[in-house]
Amino acid sequence: MKRYVPCIIFFLFVIPHVIFAQKGERSLSLKYGATRLEKRQDPSMKQFRANRLGAFIHWGLYAIPGGEWNGKVYHGAAEWLKSWAKVPSEEWMKLMEKWNPVKFDAVEWARMMKQMGVKYVKITTKHHEGFCLWPSAYTRNTVAHTPYKKDLLGDMVKAFNEEGIDVHFYFSVMDWSHPDWRYDIKTKEDSVAFSRFLIFTDNQLKELAKNYPTVKDFWFDGTWDNSIKRNAWWTAHVEAMLKELLPGVTVNSRLRSDEYGKRHFDSNGNLMGDYESGYERRLPDPVKDLQVTKWDWEACMTIPENQWGYHKDWSLSYVKTPVEVLDRIVHAVSMGGNMVVNFGPQANGNFRQEEKVLAMTIGNWMKKYGECIYGCDYAGWDKQDWGYYTRKGQEVYMVVFNKPYSKRLIVKSPNATQVVGAVLLSGERLEVVETAKNEYNVSMPDREPEEPFVIKLRIKEATGVTEKYRDAFI
Ligand code: JFZ
């Protein structure tokens with residue numbers, strides 16, 4: 001009998017766990033897994049979701065060298081230069097002596113973001129290098145110990161909030177400048193040091209929450225190493241701690257791991273944190289990846305291929321055009337996600353010209369067409385080649401990125417939904433011809449816009465629509 005015990009245990013416990021875990025059902029009882037199975041529906045989360053368009057600001061010491069160290073230009077992400085060029089922390093932190101962004105004007109930054117139409121800004125309070133944009137009491141590596149001295153983060157929070165823009169904090173747990181940071185815990189000494197590091201991090205987070213109480217969101221990064229994964233309790237504790245200090249605050253999934261070291265989604269397949277934050281410089285497939293519409297998510301993207309911090313040479317990679325950026329914004333919203341467009345200001349406090357032009361162009365478009373972005377969600381209609389659908393209540397929007405030679409835009413509505421009219425946002429009516437059951441041609445406008453444009457559909461979601469079409473008997 002004894003011989004069979006392991007087998008019995010295996011069949012009774014292990015196999016069902018594996019099967020249920022794959023289905024995303026709650027089966028393993030987890031101490032540090034998801035705290036909720038559905039999307040949050042409280043006012044703060046609804047605001048997060050309705051905002052839809054945000055901006056990222058990556059600003060730190062790395063903006064000074066701008067990708068170049070000792071005469072060599074590194075092609076990798078500029079905010080990782082310390083790592084690419086293997087610069088020791090003491091040397092890297094000497095950059096603090098040069099940190100003096102005299103052109104920085106928080107009010108001007110806020111105006112630019114407002115003009116662009118972003119509803120929130122995610123600011124790097126501290127990136128991997130460890131330099132803090134606020135005068136933290138827990139380290140010397142802060143803006144307070146630079147020639148500039150002033151609290152940059154405080155100025156930004158104030159200016160953005162005054163423009164009605166929400167502020168989100170990016171925070172890298174990994175801190176290359178801290179002697180107690182560990183990638184893994186291999187010895188007793190590592191474990192002791194890392195415990196100190198977690199207390200240091202808690203203190204910094206409490207400090208941020210206390211000093212900047214209007215912050216709406218914490219977006220964690222630098223949490224992928226074994227040291228953090230082995231301390232899943234801490235990731236759950238941070239989420240709970242921030243939610244207690246700041247009721248309504250939202251937290252991204254990247255912070256979290258469960259006790260099995262699973263990240264973003266726990267071992268039962270359920271999302272941890274409030275929204276998924278893994279779509280980075282890429283997006284879910286609009287046909288194959290519709291499962292993302294079940295949870296909240298936020299994607300972020302760079303304008304060049306992969307530069308978050310300021311890099312002096314953007315010619316080293318492809319730089320997206322404003323229309324390509326717009327396409328990604330609409331793509332995200334059409335699948336129920338948010339999009340955050342990144343900016344990497346220069347060390348003097350100015351945005352580079354390319355970023356200013358992009359912000360202006362997106363803003364001009366948002367002014368005309370923002371109705372199809374803010375407060376909008378996945379429409380549930382089959383994607384067509386001309387572009388993306390978004391939806392807000394009874395309004396279904398077609399955001400047209402590709403002009404058809406047929407001059408007809410094909411629309412396939414879900415069962416029991418009829419399309420009864422189509423108008424441009426300017427009010428001009430477009431012809432709608434029913435071509436088959438739940439299939440329509442919407443005419444292109446007579447004067448074709450020279451930019452992506454938006455059509456609003458009038459729909460009837462009737463129960464008991466008269467069955468005009470019958471499927472052939474087979
Ligand atoms: C991280 C940072 O290392 C980077 O510098 C930047 O701040 C970015 C927003 O976040 O980079 C990542 C993190 C996670 C993934 C990719 C890049 N990921 O999950 O694919």
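Colleague: What does the domain assignment give for the chain?

Modeller: It gives domain 1 (43–372) and domain 2 (387–461). Keep in mind that this is a predicted model.

Colleague: How far apart are the centres of domain 1 and domain 2?

Modeller: Over C-alpha atoms, the centres are separated by 37 Å.

Colleague: And how many residues of each domain are in contact with the other?

Modeller: On the domain 1 side, 12 residues; on the domain 2 side, 13 residues.

Colleague: Which residues touch the most other members in the largest nonpolar core?

Modeller: M113, F160, I455 and L457. That core has 125 residues. Helix α7 (residues 188–211) gives the largest share, with 7 residues.

Colleague: Take L457. What does it touch, leaving out residues up to four places away in sequence?

Modeller: W381, Y389, V396, M398, V411, V419, G421, A422 and V442.

Colleague: What does the second core include?

Modeller: Among its 10 residues are W219, C300, W308 and V340.

Colleague: Switching to the ligand. Which residues are around it?

Modeller: The list is H58, E79, W80, H127, H128, Y170, W219, D221, W224, R254, E280 and W308.

Colleague: How much of the ligand's area does the protein bury?

Modeller: The protein buries 78% of the 450 Å² that the ligand exposes when taken alone.

Colleague: Now helix α6. Which of its residues are buried?

Modeller: In α6 (residues 152–162), the buried ones are L152, L153, G154, M156, V157, A159 and F160. F160 is one of the residues with the most contacts to other members of the largest core.

Colleague: What covers those buried residues of α6?

Modeller: The cover includes strands β1 (53–57), β4 (120–126) and β5 (166–172), along with helices α5 (106–116) and α7.

Colleague: What goes on at the start of α6?

Modeller: D151 has a side-chain oxygen within 3.2 Å of the backbone nitrogen of L153. Just after α6, G164 has a positive phi of about 80°.

Colleague: Which side chain does E207 join in a polar contact?

Modeller: The side chain of S136, at 2.7 Å. Setting aside residues up to four places away in sequence, E207 touches W134, P135, S136, A137 and Y138. The C-alpha atom of E207 is 12 Å from that of F169, and the two residues are 38 apart along the chain.

Colleague: Next, T302. Where is it found?

Modeller: In the loop between β8 (297–301) and α10 (322–334). T302 is buried, at 0% relative accessible area.

Colleague: Which backbone oxygens does the side chain of T302 reach?

Modeller: Those of P304 and E305. The P304 oxygen is 2.8 Å from a polar side-chain atom of T302. The E305 oxygen is at 2.9 Å.

Colleague: What else is in contact with T302, leaving aside neighbours within four places?

Modeller: R281, Q307, W308, K320 and N342.

Colleague: Last topic, phi. What is the phi of A416?

Modeller: Positive, about 70°, although A416 is not a glycine. Most residues other than glycine have a negative phi. A416 sits in the loop between β12 (408–412) and β13 (417–424). A416 is partly exposed, with 42% relative accessible area.

Colleague: And what about phi of N438?

Modeller: Near 55°, also a positive value in a residue other than glycine. N438 lies in the loop between β15 (432–436) and β16 (439–443). N438 is buried, at 15% relative accessible area.

Terms used: Residues are numbered from 1 along each chain as its sequence is written. Side-chain values use heavy atoms; hydrogens and water are left out. A nonpolar core is a set of buried Ala, Val, Leu, Ile, Met, Phe, Trp, Tyr and Cys residues joined through side-chain atoms within 4.5 Å. Buried means under 20% relative accessible area, exposed over 50%, partly exposed in between (1.4 Å probe, protein chains only). Helices (H or I, at least four residues) and strands (E, at least two) are DSSP runs, numbered from the N terminus. Contact means heavy atoms within 4.5 Å. A residue is near a molecule or strand if one of its heavy atoms lies within 4 Å of it. Accessible areas come from the Shrake-Rupley method with a 1.4 Å probe; for residues, only the protein chains shown count as cover. A polar contact is a pair of N or O atoms within 3.5 Å; within protein, one must be able to donate a hydrogen and the other to accept it, and residues adjacent in sequence count only if both atoms are side-chain atoms. Domain bounds come from an automatic or database domain assignment.
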